[in-house]
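Please consult the sequence and the model shown here alongside the text.

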Amino acid sequence: MTNQNVVVSDPKSAIGMAIAVSVSNSSFFSPAVPKPPTVPGGYITISLKKLETGGAGGAGRVGAWVDSMRASSPTRIKSTPSLSDTEALSAWMLHHPSALRTFEQITNASKGKQIVMFLDYDGTLSPIVEDPDQAFMSKEMRAAVKDVARYFPTAIVSGRCRDKVYRFVKLSELYYAGSHGMDIKGPAKGRKYKKGNQSLLCQPASEFLPMIDEVYKALLEKTKSTPGAKVENNKFCLSVHFRCVDEQRWTALAEQVRLVLNQYPKLRLTQGRKVLEIRPTIKWDKGNALEFLLESLGYANSNDVFPIYIGDDRTDEDAFKVLRNRGQGFGIIVSKFPRETSASYSLQEPTEVMNFLRLLVEWKRRSLQDNILTRH
Ligand SMILES: O=P(O)(O)OC[C@H]1O[C@H](O[C@H]2O[C@H](CO)[C@@H](O)[C@H](O)[C@H]2O)[C@H](O)[C@@H](O)[C@@H]1O
């Protein structure tokens with residue numbers, strides 16, 4: 001196996017991006033090295049932009065982080081939702097209908113096109129749990145994802161470190177984009193989508209590794225006195241977990257994070273589900289990862305592709321937006337609550353995701369059989 005490094009400069013961030021292309025005989029990536037695509041506009045939504053670090057911080061900013069984190073992860077589901085909750089959910093679902101109920105509409109729209117499946121991990125393939133190290137996916141879900149990958153190119157796109165998410169998923173036939181898309185690797189086991197002899201490794205934030213390690217150690221030290229706080233090293237980004245911290249202490253913990261980050265203007269901060277995430281200020285997110293993978297598969301300017309992205313987190317919105325802007329395929333948000341989203345459809349929880357994946361496989365098998373029958 002040989003490695004080539006291609007450096008592509010990003011004029012907006014003035015940061016060089018190194019793409020290492022490993023040549024092997026086991027991948028189904030296209031031999032052409034696609035340039036990381038440029039997405040117009042910023043890499044985060046307007047509301048998140050206000051929350052960026054990269055400069056002076058303050059009490060208002062910390063409050064905004066905490067509010068935003070609360071909003072993106074409702075604390076608990078009421079056993080008996082009020083009438084207004086139910087009405088709000090029904091109204092929201094008019095605009096984001098269940099992908100299970102509208103399954104036929106979805107498959108009709110994909111006819112004649114190659115479906116490419118993108119799956120977030122936490123909260124999408126595995127239920128949200130208190131300990132991030134125990135977020136296992138079920139055997140049934142693994143089997144459903146494996147089946148999907150037999151018929152459609154399939155990628156896992158996660159905020160987790162790529163190796164860690166691979167240890168949870170354990171399927172070598174998939175593409176993996178870890179660290180919110182900043183660490184992309186093609187499948188170790190190539191099959192029918194194989195287009196050449198090259199596999200590809202894209203790590204646009206590699207120069208940040210020493211800085212991320214340094215900040216990881218600083219955050220471990222700073223947060224060790226907060227009961228329940230956990231700092232997770234996701235290689236090109238870090239997560240500070242609030243889930244097991246008493247809500248009374250959230251503002252103080254966010255302030256500790258801010259104090260550390262004030263020393264590192266080249267890092268920025270986003271929120272997920274009871275988590276603050278620290279990452280490089282390069283213009284690269286899950287949306288860029290999706291475009292990069294489509295381009296690698298040879299679908300950069302194609303009308304024959306139908307990407308489906310399923311995710312539950314704010315960071316998945318970057319990918320939903322890319323699909324909306326391309327006018328191709330669609331996003332499915334996993335949520336039990338009305339949420340502002342660029343996704344077109346919804347599913348309520350990971351078991352519904354599994355049912356959707358199973359339906360897709362059944363539909364594909366049936367259409368392949370029908371094709372055989374009509375030919376004979
Ligand atoms: O992009 P994802 O695959 O959804 O990863 C986003 C973050 O997911 C994990 O945290 C979340 O799930 C944990 C386990 O269920 C939960 O304890 C935590 O509160 C959630 O925020 C992961 O631990 C993070 O590193 C990821 O960035």
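A crossing of two helices is called left-handed if the near helix is turned anticlockwise from the far one by less than a right angle. The model discussed here is predicted.

**Packing of α5 and α11**
- Two packed helices are described by the angle between their axes and the distance between the axes.
- For helix α5 (residues 139-151) and helix α11 (residues 350-375), the angle is about 35° and the axes lie 9 Å apart.
- The crossing of α5 past α11 is left-handed.
- On the α5 side, the contact is formed by E140, M141, A144, V145, D147, V148, R150 and Y151, and the α11 side contributes P350, V353, M354, L357, R358, V361, K364, R365 and L368.
- Of the residues in this contact of α5 with α11, 11 are nonpolar and 6 are charged, with no polar ones.

**Helix α10 and its surroundings**
- Helix α10 spans residues 317-326, and its buried residues are E317, D318, A319, F320, V322 and L323.
- The elements covering these buried residues of α10 include α9 (286-296), β12 (305-311) and β13 (330-334).
- G327 follows α10 and has a positive phi, near 65°.

**Lysines with a positive phi**
- Most residues other than glycine have a negative phi.
- K170, not a glycine, has a positive phi of about 60°; K170 lies in the loop between α6 (162-169) and β5 (175-178).
- K170 is exposed, because its relative accessible area is 54% and the cut-off for exposed is over 50%.
- K274, also not a glycine, has a positive phi of about 55°; K274 lies in the loop between β10 (267-272) and β11 (275-280).
- K274 counts as buried, because its relative accessibility is 7% and buried means under 20%.

Notes. Residues numbered from 1 in each chain as written. Predicted model: local features only at pLDDT ≥ 70, side-chain atom pairs only at ≥ 80, totals over all residues. Heavy atoms only, no water. Axes fitted to C-alpha atoms, helices over the stretch in contact; angles between N-to-C directions. Helix = DSSP H or I, 4+ residues; strand = E, 2+ residues; numbered from the N terminus. Contact = heavy atoms within 4.5 Å. Nonpolar A, V, L, I, M, F, W, Y, C, P; charged D, E, K, R; others polar. Buried < 20%, exposed > 50% of the residue type's maximum accessible area, 1.4 Å probe, protein only.
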